[in-house]
Amino acid sequence: MTTETVKKQRWKLNLRDRFQDMPKPARIAAMVVFVVLLYLLPTKAFYENLGFPIPMGSGYLPLYTTGSDMAGVLFQCGYYILLALGLNVVLGYAGLLDLGFFGFFAVGAYTVALLTSPESKLITEYNWLESPWPWLLTVPIAIALAMLSGVLLGWPTLRLRGDYLAIVTLGFAEIIRIVAKNQDWILNGDRGIPSVGHPPGTWPDGEPIFELEFTPYYWLVLTVIIGVIFLIRNLANSRVGRAWVAIREDEDAAELMGVPTFKFKLWAFAIGAAIGGLSGSLWAGQANFVNSATFSLENSILVLAAVLLGGAGSIGGAILGGFLVIYLPEWLRSVGDVFGWPTQVQVGNIHIDVSPTSLRFVIFGALLIVVMIYRPQGLWPNRRRAAELKDRQKEVAPVE
Amino acid sequence: MSERKALLEVDNVTLRFGGVVALNQVDFTLYEGEILGLIGPNGAGKTTCFNAMTGVYLPTEGQIRFKGEQVSGKKRNQITKMGMARTFQNIRLFPEMTALENVLVGTDAHNTTSVPTALLRLPKHWREERQSKARALELLSFVGITGRSDDLARNLSYGDQRRLEIARALATNPSLLCLDEPAAGFNPAEKVALLELIKKIRDSGVTVLLIEHDMRLVMGVTDRIVVLEFGRKIAEGTPEEVRDNPKVVAAYLGVPDAA
Amino acid sequence: MNFDDLIQGFPDLTTTGLAQGSIYALVALGYTLVYGVLRLINFAHSEVFMFGTFAALWTWGLMGYDSNSARPDLGTALLLVLVSLVVASLFSGGVAMVVEAVAYRPLRKRNAPPLVFLISAIGASFVLAELMGAFTERRQQGIPGLLPGEPLFSAGGWTVYPLQLATVVVALAVMFALDWFVSKTRFGRGIRAVAQDADTAALMGVNKGRVIALVFLLGGLLAGVAAVFYSMKQGNTRFNVGFLMGLKAFSAAVLGGIGNLRGALVGGLLLGLVESYGAALFGSNWTNVIAFVVLLVLLMFRPTGLLGESLGRARA
């Protein structure tokens, strides 16, 4: 190890430790300042005053996504962070590989859409509802239904081996998508459900807060994320969290030590699903329109990539990962615009779309491989897992 | 001796895997408060017997009763809750948890905090956390690894890992503690310390079942011994009785020592 | 539920199901081979298959046949199919070996836990699919009709088309060849040895790295064969056709018992038949759902599949 890397590691360690060594009031103050900064992120002025002028031509602001609405990008980051936090409970804590996680997002989104849209078939055809419900009222129902579907999916499948579980959950997400696409009775297939309700609230001048402008949605999702983090931490530092980690580490030993493994695996599934459903209901509250095209497999994989790039089992990692998988392609695109990166390349008579947003699955797919090879613990790892994976590498590799 | 209460009854247990008979009508009883040694040469069926008792395998024939209740068919975590705890021949701690957390998983066997309580940090959560933590620290010092409570289990020395496993098992508050070759890989000094620990555990009111093939260790600590060979019980009695039993001598000495 | 359709169409549905099932079986063998040796779900196998469909398409294109061409005469058609079979299987086999070398071998060297392999596989699958997507502008591409479109044979309610016959015959022939290869040749012995106990096999002088590469190559070759017949039946292909085929072929492998070569055949044919009958009963929109429901039910009651697992223990 060179002295430089040692120094670097020491510096990193210092940052973490220095924060923890600060007196509690100072820590709280630092957190408050940080959170306030987070709320300011969508404001353009924030970037204009960042203070590190990088001369890159007019119109460019460091870290700002000029190609698309910054608040919109941040909102999208927000619900992906929520998804990543949910999958982190399932995969990071309990060690269950759920490849169909986006299915729960779909359940949440559809629940909200069905109950809040005046054009929902529940109202127009079946008369189950007299009038659309307010958005806020439907969120708990969306969460509950997502949880229920998590339990229904987990009940028969959680007894399966890890790799079978992966396939079955993948199949589940696909079934949800096919059902949504093919049937006309309720979900309306590709035509979807329009006029989905928005969150409540008006500005002092009587204008609704949640309309086309993205910033309030970002604030809402940010608030929700902060709440969810607290709740997940409560779980992680309790009997429940210990049971999850024990199951992940050695399921048989955990059971013999009295851990009701099936029950806690089911809980992990249900909690993850609930967070996924919550994310879906937030998204639907903004999207206005929900149809089956939203729920393609790519999204499940993107969430998986987020959790693993960030570092499974670490809340910070899930947040970082969820942020990066959305923000990075958007930001690269704005940088590309400045530098004149082409959107298309012509090879013969084929036009290849090379914009960062369309190539992001190639990039993240490749990144998954690279990260798994060189940094399997993720970018912001849980300290323990990092140690585990490092030690495994040192152990004798199988004979070839 | 007949006055004593039976804690665990292994009643004519036979266990077959395909054509292999791993246990053949094994029959013995474990009484409260004693240390019983289960010995036998390698491959005699000790660990299999152990696994049948803790619910890992279902006996093909016969019954295993713990505190008068049938064990077979019960879920493994329920058996633990009934008061039977075990360690493993090849250590199976949760390597990425701290020593303290490992023991806490054991104490959790009798806690009832679940998701809602933990999520909302209800008083029950705090109460159980406090009590469990106190108990876990107590156990760590009981087995003699007080200073290592915040170290990851994987970073403990081999001997400390064995001790931690015992602490974790004791944390489930067992009336019967089953130790599967706890002295494997120990040097003589460590073995002596282990003997003391086992006696201390018995004196604290826990019945101990000790699986071991180190005869000397077993002789020094057990009240009674059951000897298995090729899945059958060939002898049972006090250490002296067993030592003088010709069948046992044949089993251990009659077969040329491979080592 | 439409029982009339099922009963009247039964012979035809059976033929269709068997032809489709043969394709599933061919792809399923790729999963089973790799799983048997590495205990790894080769997630990227679906894309290996997808590359095969494009290899076939391009081969025919280079030979002057695209989706607008008229049907060639039988001789030309057979030649076209033969050439594309060779090209597509070699191409798929090559892709499979590249995947192994890039996404799995470095992990094997690092002794990574199984989950890490699976994730790397998912990554590889995405890179392959999206690269093809970018290269083909994400468009569906038409595939020429090659074999004669008239029924080969028609009696009462039963019709058999040349393509169906060719699919089943070639698939069975290839699978018998594989069975022979694995059970009779020296390479096959190496595969079985590694499947049973990789480390011991390595100590006994089996070159584990080579066996693994070989297994990937075999799986790729079979996927290439499957891709040719799939393309001809479907009449088109797209960068994302691999996903569904992969899921179903994997289901077929699990149905029969993953790691078991004959299980893959049984599982594939069974899945083809169930789908075919199911589509008649519930409508073709639900075909894909039926496949998953069957898989789910089976896993619940018989988690090791119909014929049981393991490449090593079962006679290859």
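## Chain C and its annotated segments

UniProt, in an unreviewed entry, places the feature "transmembrane region" at residues 23–41, 48–65, 77–103, 115–135, 155–182, 211–232 and 289–308 of chain C; the positions follow the numbering used here, feature names are shortened, and such annotations may be inferred rather than shown by experiment. Two of these segments make a handy pair to look at. Residues 211–232 of chain C are 100% helix and 0% strand, with end C-alpha atoms 32 Å apart. Residues 48–65 of chain C are 83% helix and 0% strand, and there the end C-alpha atoms are 23 Å apart. Helices (H or I, at least four residues) and strands (E, at least two) are DSSP runs numbered from the N terminus.

## How to read the model

This is a predicted model, in which local features need pLDDT of at least 70 and side-chain atom pairs count only at pLDDT 80 or more, while totals for chains, interfaces and linings use all residues. Residues are numbered from 1 along each chain as its sequence is written, chains are lettered from A and ligands numbered from 1 in the order in which they are written, and side-chain values use heavy atoms, with hydrogens and water left out.

## Where chain C meets chain A

Contact here means heavy atoms within 4.5 Å, and by that rule 50 residues of chain C and 51 residues of chain A take part. Together the two chains bury about 4,600 Å², 75% of it on carbon and sulfur atoms. Buried area is the accessible area (1.4 Å probe) that two parts lose on being put together, summed over both.

The interface of chain C and chain A has 0 salt bridges, a salt bridge being a side-chain nitrogen of Lys or Arg within 4 Å of a carboxyl oxygen of Asp or Glu. There is 1 residue pair in polar contact, with both residues at pLDDT 80 or more. A polar contact is a pair of N or O atoms within 3.5 Å; within protein, one must be able to donate a hydrogen and the other to accept it, and residues adjacent in sequence count only if both atoms are side-chain atoms. On the side of chain C that touches chain A, helix 5 of chain C gives the largest share, 14 residues. By class, that side has 35 nonpolar, 6 polar and 9 charged residues. Ala, Val, Leu, Ile, Met, Phe, Trp, Tyr, Cys and Pro count as nonpolar, Asp, Glu, Lys and Arg as charged, and the others, Gly among them, as polar.

## Where chain B meets chain A

Now for chain B: 35 of its residues are in contact with 30 residues of chain A. The pair buries about 3,100 Å², 58% of it on carbon and sulfur atoms. In chain B, B:Arg76, B:Glu96 and B:Val115 lose the most area to chain A, together 20% of what that side buries.

Across this interface of chain B and chain A there are 6 salt bridges. B:Arg76 also joins A:Asp252 in a salt bridge (3.3 Å, N to O). Polar contacts between chain B and chain A number 14 residue pairs, both residues being at pLDDT 80 or more. The side of chain B that touches chain A has 14 nonpolar, 11 polar and 10 charged residues.

## Inside chain B

An automatic or database domain assignment gives chain B domain 1 (1–83 + 175–259) and domain 2 (92–173). Their centres, taken over C-alpha atoms, are 26 Å apart. The two domains of chain B bury about 1,200 Å² between them, 70% of it on carbon and sulfur atoms.
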